[in-house]
Amino acid sequence: MSEPVVLGIESTCDETAAAVVRGRELVSNVVASSMDQHARYGGVIPEIASRAHAEAFAPVVSKALADASMTLGDIDAIAVSAGPGLAGCLAVGVSGAKALAWAAGKPLYGINHVIGHIAVTQLQFGAFPEDTLALIVSGGHTSLLHVRDVTRDIDVVGTTLDDAAGECFDKVARLLGFPYPGGPHIDRHGQLGDPHAIRVPQGLTQGRAGKQHPYDFSFSGVKTAVARWIEEQRAAGRDIPVDDICASLADSVATVLARKAIAGCEQYGSRTLIVGGGFSANSQLRAKLLEVGEEHGVTVRIPKIALCTDNGAMVAMLGVNLVEAGITPSNPDFPINSSMPLDVVSV
């Protein structure tokens, strides 16, 4: 097989996505989001998301194939996110992918969609250098991973002990009256404010906790500190400096993420840091990572915005890696795993 052609299907949360990748070429990429349906509730409602996936699955897959000028017969394999994610959402995507694979007689890979965030960077930056570190930042995950082989050998270096970075932003956004999702609003306002106007704590960076958890992340205390500061200002009848709050929060979170990630690179002798996940679209984080990476001689690979959020391209790209590595396809009856460990690449 010269260059594997893989159809990737993603349905872990509120995006129904499908893409076709040939080798390292993104041939088509289609995403349907149900985000607007969740905005009124201030967060993703699993039942609504699951129904949206069921409605969008066939049209999205059909369009991905049509945009690629292909049929299922032209596909060498199918890859689908089997976890982690919302159970009902995963079930829709996996069930649909199993039906397609059975009908077309194609091998099927149930993949870890978090690892897909690492693999997708190959579409933009090419092959991985040896001993790469990856920082995954999304609504539910903030993790630092050591990647020796994206198909077989990934170790968890650090992970979230409570709130992930995206969760912290969304919770502060609600306090400030921003609609869901709050991250983009904090990003925009943060660009207008003073990042040093308010002292925002940096979780797990000081004292005994910092030494015990050098590469782990904790943003619950950050959210609580900002909430208390806002409450104190309101109680005193003062105006709330929204731009400064957003800038100070974004700078604190970005600084922690960047410093811990680069420290991990130095610990593991990694000269390349891959960044993935929806939160990596944050402009302050992107700037901070590039700045700190340059200071320490670490090349930082941050994909373009369209490849940061959940998409079918990342699933298909990981599928291509699995096919090329000769990994055995998943058993036809493989289960979903909403809490799939991050060192498991495929099931």
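The legends below describe close-up views of a predicted model.

In this predicted model, local features need pLDDT of at least 70 and side-chain atom pairs count only at pLDDT 80 or more, while totals for chains, interfaces and linings use all residues. Residues are numbered from 1 along each chain as its sequence is written, and side-chain values use heavy atoms, with hydrogens and water left out.

**View 1. Helix α11 and its packing partners.** Helix α11 covers residues 283–295, 13 residues in total. Helices (H or I, at least four residues) and strands (E, at least two) are DSSP runs, numbered from the N terminus. From first C-alpha to last, α11 reaches 19 Å, close to the 18 Å expected at 1.5 Å a residue. The expected span is 1.5 Å times one less than the number of residues. Buried positions in α11 are Gln284, Leu285, Arg286, Lys288, Leu289, Val292 and Gly293. Buried means under 20% relative accessible area, exposed over 50%, and partly exposed in between (1.4 Å probe, protein chains only). An α-helix has 3.6 residues a turn, so residues three or four places apart point the same way. The buried residues of α11 pack against β6 (132–137), α7 (183–190), α10 (242–268), β9 (272–276) and β10 (299–301). Contact here means heavy atoms within 4.5 Å.

**View 2. The two ends of α11.** At the start of the helix, a side-chain oxygen of Asn282 comes to within 3.1 Å of the backbone nitrogen of Gln284. A polar contact is a pair of N or O atoms within 3.5 Å; within protein, one must be able to donate a hydrogen and the other to accept it, and residues adjacent in sequence count only if both atoms are side-chain atoms. After the helix comes Gly297, with a positive phi near 70°.

**View 3. The largest pocket.** Its volume is about 1100 Å³. The lining holds 36 residues; Ser138, Gly139, Gly140, Asp170 and Tyr180 lie nearest the centre. Elements giving two or more residues to this lining are α4 (113–119), α6 (165–175) and α7. The largest share, 6 residues, comes from α6. By type, the lining divides into 12 nonpolar, 16 polar and 8 charged residues. Ala, Val, Leu, Ile, Met, Phe, Trp, Tyr, Cys and Pro count as nonpolar, Asp, Glu, Lys and Arg as charged, and the others, Gly among them, as polar. On a 1 Å grid over the protein atoms alone, a pocket is an open set of points where a 1.4 Å probe fits, with protein on both sides within 12 Å along at least five of seven lines; lining residues have an atom within 4 Å of a point. Grid points are joined across faces, edges and corners, and a volume is the space filled by probe spheres set on the points.

View 4. Pro181 sits in the loop between α6 and α7.

**View 5. Ser270 beside Asp131.** Ser270 lies in the loop between α10 and β9. Its relative accessible area is 0%, so Ser270 is buried. The backbone oxygen of Asp131 lies 2.4 Å from a polar atom of the Ser270 side chain. Leaving aside neighbours within four places in sequence, Ser270 is in contact with Asp131, Thr132, Leu133, His146, Cys265 and Val298. Thr132 is 138 residues from Ser270 in sequence, yet 5.5 Å away in space, C-alpha to C-alpha. Asp131 has a positive phi, near 50°. Asp131 belongs to the loop between α5 (122–125) and β6 and is partly exposed, at 29% relative accessible area.

**View 6. Leu135 in strand β6.** Leu135 is buried, because its relative accessibility is 0%. Beyond neighbours within four places in sequence, its contacts include Leu144, Phe217, Leu257, Ile274 and Leu289.

**View 7. Ser218 and Asp162.** Ser218 is placed in the loop between α8 (207–212) and α9 (220–235). At 14% relative accessibility, Ser218 counts as buried. Its side chain makes a polar contact with that of Asp162, at 2.7 Å.
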